[in-house]
Amino acid sequence: GNRVVSLAVERWNFVTNADWIQAYDFFSPDHKRLEKLTVYLGGKEYHEYGEASKPAVIGIEDNMGYLEVIVDWTPHHPELRIADNLPDEPDAMKQTLTMIESWEWVEGEWYYQGAERRNEFFEAHPKLAKNN
């Protein structure tokens, strides 16, 4: 499980620095074929992530590893701010999210698959919820 944790830490360093092209590299070759870089990058400039907690392995099943990460997230959609009539303070929209990341072991390496909010993840994976 240590290798997947160090990869997740590396990926979060890119994400928190908004280095999305480097973050994209953590996807598997199959994922990259399905979701081109240009598609992945769409709208990314509207998302700002603060420092992430150290990812914790919450389960490994077959070829999948699941990590829990807590991170600050600030959306920067101009429309959102107008719609919510929020003050123009950078932190007005900031939220702390608890995310569960899915990583897949493919041909000798871990690849990032995606992340879901904790409660949505456990609804989909009730077996893992019991231990966490």
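A search of the whole structure, a predicted model, finds 6 salt bridges, each a side-chain nitrogen of Lys or Arg within 4 Å of a carboxyl oxygen of Asp or Glu. Residues are numbered from 1 along each chain as its sequence is written, and side-chain values use heavy atoms, leaving out hydrogens and water. Local features need pLDDT of at least 70 and side-chain atom pairs count only at pLDDT 80 or more, while totals for chains, interfaces and linings use all residues.

**Stop 1: arginine 3 and glutamate 109**

Select arginine 3 and glutamate 109; their side chains form a salt bridge with an N to O distance of 2.6 Å. Arginine 3 belongs to helix α1 (residues 2-16) and glutamate 109 to strand β5 (residues 109-117), so the pair ties together parts 106 residues apart in sequence. Helices (H or I, at least four residues) and strands (E, at least two) are DSSP runs, numbered from the N terminus. Arginine 3 is partly exposed, at 42% relative accessible area. Buried means under 20%, exposed over 50%, and partly exposed in between, with a 1.4 Å probe and protein chains only.

**Stop 2: glutamate 68 and arginine 118**

Next, select glutamate 68 and arginine 118, whose side chains meet in a salt bridge at 2.5 Å, N to O. This pair links distant parts of the chain, 50 residues apart: glutamate 68 is in strand β3 (residues 64-75) and arginine 118 in helix α6 (residues 118-124). Glutamate 68 is buried, with 18% relative accessible area, whereas arginine 118 is partly exposed at 30%.

**Stop 3: lysine 32 and aspartate 25**

Move to lysine 32 and aspartate 25, where the side chains meet in a salt bridge of 3.2 Å, N to O. Lysine 32 is partly exposed at 24% relative accessible area; aspartate 25 is also partly exposed, at 44%.

**Stop 4: the nonpolar cores**

Now select Val4, Trp12, Tyr40, Leu67, Val71 and Trp103, the residues with the most contacts inside the largest nonpolar core, which has 22 residues. Such a core is a set of buried Ala, Val, Leu, Ile, Met, Phe, Trp, Tyr and Cys residues joined through side-chain atoms within 4.5 Å. Elements giving two or more residues to this core are α1, α2 (20-24), β3, β4 (95-106) and β5. The largest share, 6 residues, comes from α1.

Apart from this core lies another, of 7 residues, with Ile58, Tyr66, Phe121 and Phe122 among them.

Finish on tryptophan 12: leaving aside residues up to four places away in sequence, tryptophan 12 touches Tyr49, Ala52, Val69, Val71 and Glu101, a contact being heavy atoms within 4.5 Å.
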